[in-house]
Amino acid sequence: MTQSGPVKVDRVSVWLKKSARISAWALLAGVLVLVLSGWGITQTGVIYTITFGLIDRRLANSIHDATVLPLVFFFLVHVLVNIRLGSVKRFRSRTWII
């Protein structure tokens with residue numbers, strides 16, 4: 001016999017899923033900035049024209065260098081949160097360790 005009633009939702013899992021989604025979107029935005037700034041370093045004339053002279057090679061290089069640490073942070077958050085979520089599904093009895 002099954003019980004029909006409200007399903008108990010784990011608040012930690014909900015917040016972990018939201019943080020995984022946010023970190024994924026932040027990673028996508030960071031990678032796009034990294035690619036465009038890298039393109040601004042190698043194809044300076046194209047990016048300078050597209051941005052109406054706002055981004056030159058020096059600024060593109062600064063942006064490119066500045067995006068590394070946020071990408072590392074969001075990548076680690078994304079990977080570790082998804083490992084935690086996956087391990088809860090696989091090893092229910094040992095989730096307190098993780």
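Which residues form a nonpolar patch on the surface, and how much accessible area do they have together? In this predicted model, local features are considered only at a pLDDT of at least 70 and side-chain atom pairs only at pLDDT 80 or more, whereas totals for chains, interfaces and linings use all residues. Residues are numbered from 1 along each chain as its sequence is written, and side-chain values use heavy atoms, with hydrogens and water left out.

The protein contains four helices and zero strands, in the order α-α-α-α along the sequence; helices are DSSP runs of H or I with at least four residues, strands are runs of E with at least two, and both are numbered from the N terminus. Of the 98 residues, 19% are buried, where buried means under 20% relative accessible area, exposed over 50%, and partly exposed in between, with a 1.4 Å probe and protein chains only. Among contacts (heavy atoms within 4.5 Å) between residues at least 6 apart in sequence, 57% join residues at least 24 apart.

Helix α1 covers residues 11-42. The expected span of a helix is 1.5 Å times one less than its number of residues, so the 32 residues of α1 should span 46 Å, which agrees with the 47 Å between its end C-alpha atoms. The buried residues of α1 include Leu 16, Ala 20, Ser 23 and Leu 27. Ser 23 has a relative accessible area of 1%, and a polar atom of its side chain lies 2.9 Å from the backbone oxygen of Ala 20. Beyond its neighbours within four places in sequence, Ser 23 is in contact with Phe 74, Val 77 and His 78.

Phe 52, in the loop between α2 (44-50) and α3 (57-66), is by contrast exposed, with a relative accessible area of 78%. Although Phe 52 is not a glycine, its phi is positive, at about 55 degrees.

The nonpolar surface patch consists of Val 68, Val 72, Phe 75, Leu 76, Leu 80 and Ile 83, which together have about 560 Å² of accessible area. Such patches are made of residues with over 30% relative accessible area and no salt bridge, nonpolar side chains (Val, Leu, Ile, Met, Phe, Trp, Tyr) being joined within 5 Å and like charges within 9 Å; a salt bridge is a side-chain nitrogen of Lys or Arg within 4 Å of a carboxyl oxygen of Asp or Glu. Areas come from the Shrake-Rupley method with a 1.4 Å probe, and for residues only the protein chains shown count as cover. Val 68, found in helix α4 (residues 68-90), is partly exposed, with a relative accessible area of 42%.

Notes: Polar contact = N/O pair within 3.5 Å; in protein donor to acceptor, adjacent residues only side chain to side chain.
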